[in-house]
Amino acid sequence: MLDGPRLAPLSGSRPDALIILIHGYGSSGEDLISLAAMMQPSLPQAAFVAPNAPLQIPHMAAAHQWWPIETFSMAERAAGAAAAAPTLDAFIDAELEKAALASDRLLLVGFSQGTMMALHVGLRRPHPVAGIIGMSGMLVAPEQLETDIRSRPPILLIHGTVDDVVPFRSMELASTALTAAGVVVENHVSPGIGHSVGPTGTRRRRPCTISRAKRWKPRAPRMTRSHGAWSTSFPATSCSPARRHGTENG
C-alpha cells in the first residue's frame, strides 16, 4: 500500500475533508507536503497526505515514479497510467475509509506525472471527488475518455507558458478533451513559468492554487456559469479568470 508524509488537521479535530497531493516523476511526497503546509492554515479541518509513487527510480535516492519514462510516447504514458491506477485508486479508497469521509470530501492535487494520475484515476472513480487541481500535466489517452469516464468532478488546470518538460499546449489539449466529455474545466495560464512547483518557480502560480483550495466547500462542490464567468466551490478570487480560459494574475 502507498504511504507518504501527512499533515493532520490543524484544528486537532477529526478531519472533515481530505486532500491528496500526487507528486511527479523523480520526486516524492516530501516535495508536495510543503504545499500542504501552506494550505493548512486556511483549511484547518482538512487532512493532507502526499503518497510516494510505488516505483523507485534505480540508483536515485528518494526518487519515485508512477511509471518508468523511456520513450516519452503516448503509448507508454497510456500503459503506465493504466498500470499505476489500481494502486492509487486503492490508496484513495483506504484513506477515505480511514477518515470516514465520502468521495465528495476529497480534493486531488497533482503535479506533472501526478496530474496525469489524478486525472486518469479521478475521472474513472464511480463517485465524483470534490475536484481535481492539475499543475503542469496532461491528459493521458484522451481518446479513451469517452468510454472510460465514470464521474465528472470540476477541474482546474494550471500550466506555465515556458514549461520545457510538459508542453504548455498540453493544457489546452486536455481542456478540449475534458470539455467534450462533459467535464467543466477552468484553465489558468502562468506567464513565464516553467516546469516547477517549488517556491522559486511558482510565486505566481501557487497562491492561485491555494486561494482555490482554501475557500473550497466540500459539502457543495459545484461549478456554474453566470454572465460569462465560471465559478466553483472555490469562489472568485483575484486570480479567477473572467472566462473559462483565463490568465492567472497571482
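These are my notebook entries on a predicted model of one protein chain.

**Ground rules.** I number residues from 1 along each chain as its sequence is written. Because the model is predicted, local features need pLDDT of at least 70 and side-chain atom pairs count only at pLDDT 80 or more, while totals for chains, interfaces and linings use all residues, and side-chain values use heavy atoms, with hydrogens and water left out.

**Whole chain.** I looked up the secondary structure and found 6 helices and 12 strands, both being DSSP runs numbered from the N terminus, with at least four residues of H or I for a helix and at least two of E for a strand. Of the 250 residues, 55% count as buried, that is, under 20% relative accessible area with a 1.4 Å probe, protein chains only. Taking a contact as heavy atoms within 4.5 Å, I noted that among contacts between residues at least 6 apart in sequence, 71% join residues at least 24 apart.

**Cores.** I then looked up the nonpolar cores, meaning sets of buried Ala, Val, Leu, Ile, Met, Phe, Trp, Tyr and Cys residues joined through side-chain atoms within 4.5 Å. The largest has 46 residues, of which Ile20, Trp66, Leu88, Met117, Ile155 and Leu178 touch the most other members. Elements giving two or more residues to this core include strand S2 (17-22), strand S3 (46-49), helix H2 (74-99) and helix H5 (169-180), and the largest share, 9 residues, comes from H2. Apart from this core lies another of 19 residues, among them Met39, Leu107, Met135 and Leu156.

**Strand S3.** Ala46 and Phe48 point one way from S3 and Ala47 and Val49 the other way, yet I find all of them buried. S3 pairs with strand S1 (residues 6-7) in the antiparallel sense over 2 bridges, where pairing requires that DSSP finds at least two bridges between the strands, and Phe48 is the bridge partner of Leu7. With S2, the pairing of S3 is parallel over 4 bridges, and here Ile20 stands opposite Val49. S2, helix H1 (residues 29-39) and S3 make a right-handed β-α-β unit; with the strands pointing away from the viewer, the path from the first strand over the helix to the second runs clockwise.

**Helix H5.** I checked the length of H5: at 1.5 Å a residue, its 12 residues should span 16 Å, the expected span being 1.5 Å times one less than the number of residues, and the end C-alpha atoms are 17 Å apart, which agrees. Ser170, Met171, Ala174, Ser175, Ala177 and Leu178 are buried in H5. Just after this helix, I noted that Gly182 takes a positive phi of about 90°.

Note on methods. Buried < 20%, exposed > 50% of the residue type's maximum accessible area, 1.4 Å probe, protein only.
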